[in-house]
Amino acid sequence: MDAPRVLVIDDEEIARISCQRVLKREGIQVTLASSGRAGLETLMREPHDLVLVDLKMPEMDGVEVARRIQHFDPNIVVIIITGYATIESAVAVMKEGAYDYLPKPFTPDELLIVVRRGLEKKRLDQESRALREEKEAMERNFVTMVTHQLRSPLAAIFQYIEVLLSNIGGELSEVQREMLERARERLDGLLQLINDWLDMSRIQAGEILHRLRPVELSSCVDAAMAGVELAAREKGVQIVTKLPHDLPRVNADIDTFREVLSNIISNAIKYNHPGGSVTITAREQPEWVVVDVSDTGPGVDEKEIPFIFEQFYRSKAKDIRKMEGTGLGLAIAQRIMRAHGGKIEVRSQLGHGSTFSIFLNRAVAETTS
């Protein structure tokens, strides 16, 4: 393993040399810089794990150096050396990204303690990043495996069952038909779970961000409504849409935002009482355009609200748990909205229905030449 690399930035030569002697005895590679600017130039040329920087220096102080290092590479651990060890100065440098501070005068042992602690943080951060990258790679491989190894054969089986139920292979007895219909229902639920998980795995914030365009909110709502009207009629749920005519346009990726709207409205129908209603309204806030989807369903227990956007979470309520569902729909919707730079919030009370509020950024006003 390569020796850790530490950069010492201090305008006092004796301070630089003292740090170098102590740290070299620990097998640490040490680079010295006499000013903040010289230190930043060194970091541009050579990667370092940790930087010790004096708080009070001419031209550029330690706070500014910490700020620039944080902007350049937030993975570098910054420790401030200060002869002004007050709470105020410590808080100031921590806000600019510094990990710790070392008050002057300090002993060799005090220097080693704070540097070892900083290098340990660096090591743990690197391990954490490596684990995240490994997890992301596993998720990508999982998507490929699910797509080719599970979904395709299951879809083929589903088609075979459909063929049998259509009597192409011969007349079915009542018992045979009932068994096949149950199998189709279970298989359809499994395919929905796979499709939801694929959606969850494929949503990339960066990709959605590049597809954001100014769109009319009403057209997105109309498109979502087209896919849920049949379910509403079958359950006898009335959908009421009340959108102001003068709403500003919003920044959205039409396809994924329509998926969010469809999911929220479908849930409002699915978990509603027969003969209930769903009301879709919109309102303006200084930074947002908000779509509210309110239902007359059983509502959500206040204790469950913090968890309903988690993957695979299903309500504990008996009336809701008995309904088919993957527990991924709201998690997908929330992830899509966060990729839009927005969010979803919910207000609910048992016995009094729920309101899901979808927050979208206003579209930037177009300029005319």
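This is a predicted model: local features need pLDDT of at least 70, side-chain atom pairs count only at pLDDT 80 or more; totals for chains, interfaces and linings use all residues.

Reader: What makes strand S3 and strand S4 a pair?

Author: Two strands pair if DSSP finds at least two bridges between them. Strand S3 (residues 50–54) and strand S4 (residues 77–82) have five bridges, in the parallel sense, so they count as paired. Strands here are DSSP runs of E with at least two residues, helices are runs of H or I with at least four, and both are numbered from the N terminus.

Reader: Why are S2 and S5 said to stand at the edges?

Author: The open sheet has five strands with parallel pairing, in the order S2-S1-S3-S4-S5. S2 (29–33) and S5 (100–103) each have a single partner strand, so one side of each lacks a neighbour in the sheet. Neighbouring strands are turned by 20° against each other on average, direction ignored; axes are lines fitted to C-alpha atoms, for helices over the stretch in contact, and angles run from 0 to 180 degrees between N-to-C directions.

Reader: Which strands does helix H1 lie across?

Author: H1 (residues 13–24) lies across S1 (5–9), S2 and S3, and runs at about 175° to S2.

Reader: Why is Cys-19 called buried?

Author: Buried means under 20% relative accessible area, exposed over 50%, and partly exposed in between (1.4 Å probe, protein chains only). Cys-19 is at 2% relative accessibility, so it counts as buried. Cys-220, at 3%, does too.

Reader: What joins the side chains of Thr-355 and Ser-294?

Author: A polar contact of 2.8 Å. The cut-off is a pair of N or O atoms within 3.5 Å; within protein, one must be able to donate a hydrogen and the other to accept it, and residues adjacent in sequence count only if both atoms are side-chain atoms. Thr-355 sits in strand S12 (residues 354–361), and at 12% relative accessibility Thr-355 counts as buried.

Methods: Residues are numbered from 1 along each chain as its sequence is written. Side-chain values use heavy atoms; hydrogens and water are left out. Contact means heavy atoms within 4.5 Å.
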